[in-house]
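Hi there,

Here is the structure I promised to pass on to you. Have a look at it first, and then read my notes below.

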Amino acid sequence: MKTMHSIIVCTTLMICSISVVFGYNKAKDGTYYADFNGDGKHDIFLYDKTKGTGVVWGWGGKKWKTLWENNTFRKTWQVHLGDFDGNGKTDMFLYDKAKGHGVVWGWSGKSWSTLWENKTFRKTWQVHVGDFNGDKKSDMFLYDKGKGTGVLYSINPKQKKGKTLWENKTFRKTWDIYPGDITGTGKTALFLYDKKAGDGVVFGWDNKGKFKTLWENKTFRKTWDIYPGDVNGDKKVDLFLYDKKAGTGVLFGWDGKKTFKTLWENKTFRKTWNVFTMVK
Ligand SMILES: [Ca+2]
Ligand SMILES: [Ca+2]
Ligand SMILES: [Ca+2]
């Protein structure tokens, strides 16, 4: 599927934003929509964690066709989607946190092949996938919140090896992380929010090849719930900020230079909305 920039703001019941940066989506029910086999059509990956079944369905014209099925699929995988080798087909990063096992699978025609595997992968990573350095290949931002370690990691499927692009062992332990192409450079950035401290940071790859703070607000409100999405379709991920208690909704977007500006604000926003965003 081609990148979608359409946004649906449903003002009656919810706010839904669709932002498909790499052309894949994860629904909240554990279904994954992406073009795995590269035929330009969205496929569905179905994962039954209780039974240990993994299935890929592709649209056959009039009905779904099973492209792949595994009934002894491990029940403990966390699934993250990305195009790690940049061939236009969506790959799967499978992470078994309890075992410390990470695998990247790419579609090789009729089945999956292993692009990268690490059986001694740290068990404590929080994984965020995006193209952080803008080379059209997905990378992983790995965050060990307990230890305060942040690592930007990319894999080289030809060598079946991984490479650390950036590492910080004294990364703050209190960040909530929201990835997205906030600045519209084609590179995924991280919006870091320390709710307790009231600190908001945009952290990303600058044009000199450094992963660093691009914007910071140390007096950021401590009560926001954050929902990223490209609301106005300008290829920049905006932040919908919702202070449920105060009944304030703010749409915050990058100004094209180096800061955010308020695109919309409502101080009498209903305090009882549930906000839904599609997770990419
Ligand atoms: Ca397909
Ligand atoms: Ca791929
Ligand atoms: Ca990359």
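**What I found**

Lys235 sits in the loop that links strand S19 (225-229) to strand S20 (238-243); strands here are DSSP runs (E, at least two residues) and helices are DSSP runs too (H or I, at least four), numbered from the N terminus. Please keep in mind that this is a predicted model, where local features need pLDDT of at least 70, side-chain atom pairs count only at pLDDT 80 or more, and totals for chains, interfaces and linings use all residues. Residues are numbered from 1 along each chain as its sequence is written, while chains are lettered from A and ligands numbered from 1 in the order in which they are written.

Back to Lys235: its phi is positive, about 70 degrees, although it is not a glycine. Most residues other than glycine have a negative phi. Lys235 counts as partly exposed because it has 14 C-beta neighbours inside 10 Å (20 or more would be buried, 12 or fewer exposed, with C-beta atoms placed from the backbone).

Lys160 also has a positive phi, near 55 degrees, and lies in the loop between strand S13 (149-156) and strand S14 (161-168).

Overall, the protein chain has 0 helices and 23 strands, and 31% of its 280 residues are buried.

Enjoy exploring!
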